[in-house]
Amino acid sequence: MATSGNYWEDLRKQARQLENELDLKLVSFSKLCTSYSGTGHGQRTRDSRSESLASSHDNMLVAMTTELEQLLANLTSVNDKMVEYTNTPGVSSHNAALMHTLQRHRDILQDYTHEFHKTKSNFLSLREREDLLGSVHRDIESYKSGSGVNNRRTELFLKEHEHLRNSDSLIDNAISIAMATKENITFQRGMLKSIQTRVTTLANRFPAINSLIQKINLRKRRDSLILGGVIGVCTIILLLYTFH
């Protein structure tokens, strides 16, 4: 039984280590994807330096995508082993703390998988848009250099295209701010879930603590009701005094 318990703890340690690595990698991956438009992709003129920067950026994205996929696969494997452990004869599948821990790790895996695929999808959309804008710019430059025509219609088209590109930059900045905010909220949510897990574990281990927490919650509700009643009565008295 001790060996079985040690095996479960080893699986939990592996899961937490992989989760920590995924959390850091996903933040870096998100920042790398949002900085894609500033690395020389889709620009009107691309010198050898910008070409080298773009190529290096692409290589980093490919390497990080492969690494994240491998980490997710490893975490999935550890989760599967944890499920197999709970189904092992002699292990109580009705152990509340054990099942809660398993569900917690499965939720984290699901959140990280969803976050990875969402960030990757947003990046692919951004790259497609940048490539399209770069192609339009190159076509325009080719047309201008080949024909030497610079009429009013071409100028209006170029101005409109510049307005669209400026709008894209504003949207990219807004997306970057939103993703940074989301990262902070996700981190805070993880901390709150971790605290909740610890409190639940303590409550399961020590019934007296669970009872004390329930009493505290009941007293807080009672105090809230009393305070609400006092405020309501004072408000009514104040209104009666004002209108009389």
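Tutor: Read from the N terminus on, the elements of the protein run α-α-α-α-α, and the secondary structure comes to five helices and zero strands. Please keep in mind throughout that this is a predicted model.

Student: How many residues does the protein have, and what share of them is buried?

Tutor: The protein has 244 residues, and buried residues make up 24% of them. The accessible surface comes to about 16800 Å², of which 59% belongs to carbon and sulfur atoms. Among contacts between residues at least 6 apart in sequence, 77% join residues at least 24 apart.

Student: Why is Thr65 called buried?

Tutor: The label buried requires a relative accessible area under 20%. Thr65 has a relative accessible area of 14%, and therefore Thr65 counts as buried. Thr65 lies in helix H2, and, leaving aside residues up to four places away in sequence, Thr65 touches Phe29, Phe116 and Lys120.

Student: What makes His57 buried?

Tutor: His57, which is also found in helix H2, has a relative accessible area of 5%. That value is under 20%, so His57 is classed as buried. His57 and Cys33 are 24 residues apart in sequence, while their C-alpha atoms are 9.3 Å apart in space.

Student: How many salt bridges does the structure hold, and what makes the pair of Glu67 and Lys25 one of them?

Tutor: The structure holds four salt bridges. The term asks for a side-chain nitrogen of Lys or Arg within 4 Å of a carboxyl oxygen of Asp or Glu. In the pair of Glu67 and Lys25 the closest N and O atoms are 3.1 Å apart, so the pair meets the cut-off. This pair links distant parts of the chain, with Glu67 in helix H2 (residues 48-86) and Lys25 in helix H1, 42 residues apart.

Student: What makes the pair of Asp223 and Arg222 a salt bridge?

Tutor: The closest N and O atoms of Asp223 and Arg222 are 3.9 Å apart, which is within 4 Å, and the pair is therefore counted. Asp223 has a relative accessible area of 38% and Arg222 has a relative accessibility of 45%, so each of these residues is partly exposed.

Student: What is the volume of the largest pocket, and which residues are the closest to its centre?

Tutor: The volume of the largest pocket is about 1400 Å³. Of the 44 residues that line this pocket, Glu19, Arg104, Ile108, Gly190 and Ser194 are the closest to its centre. Helices H1 (2-34), H3 (96-147) and H4 (152-205) each supply at least two residues of the lining, and H4 gives the most, with 19 residues.

Student: How does the lining of the largest pocket divide by class?

Tutor: The lining of the largest pocket divides into 15 nonpolar, 14 polar and 15 charged residues.

Student: Which element gives the most to the lining of the second largest pocket?

Tutor: In the second largest pocket, which holds about 210 Å³ of space, H3 gives the most to the lining, with six residues. The lining includes Cys33, Phe123, Arg129 and Asp172, and by class it has five nonpolar, five polar and two charged residues. Arg129 and Asp172 are in this lining, and they count as charged because Asp, Glu, Lys and Arg make up that class.

Key:
Residues numbered from 1 in each chain as written. Predicted model: local features only at pLDDT ≥ 70, side-chain atom pairs only at ≥ 80, totals over all residues. Heavy atoms only, no water. 1 Å grid on protein atoms, 1.4 Å probe; cavity = no way out; pocket = protein on both sides within 12 Å on 5 of 7 lines; lining within 4 Å. Points joined across faces, edges and corners; volume = space filled by probe spheres on them. Helix = DSSP H or I, 4+ residues; strand = E, 2+ residues; numbered from the N terminus. Buried < 20%, exposed > 50% of the residue type's maximum accessible area, 1.4 Å probe, protein only. Contact = heavy atoms within 4.5 Å. Areas by Shrake-Rupley, 256 points an atom, 1.4 Å probe, with all protein chains shown as cover.
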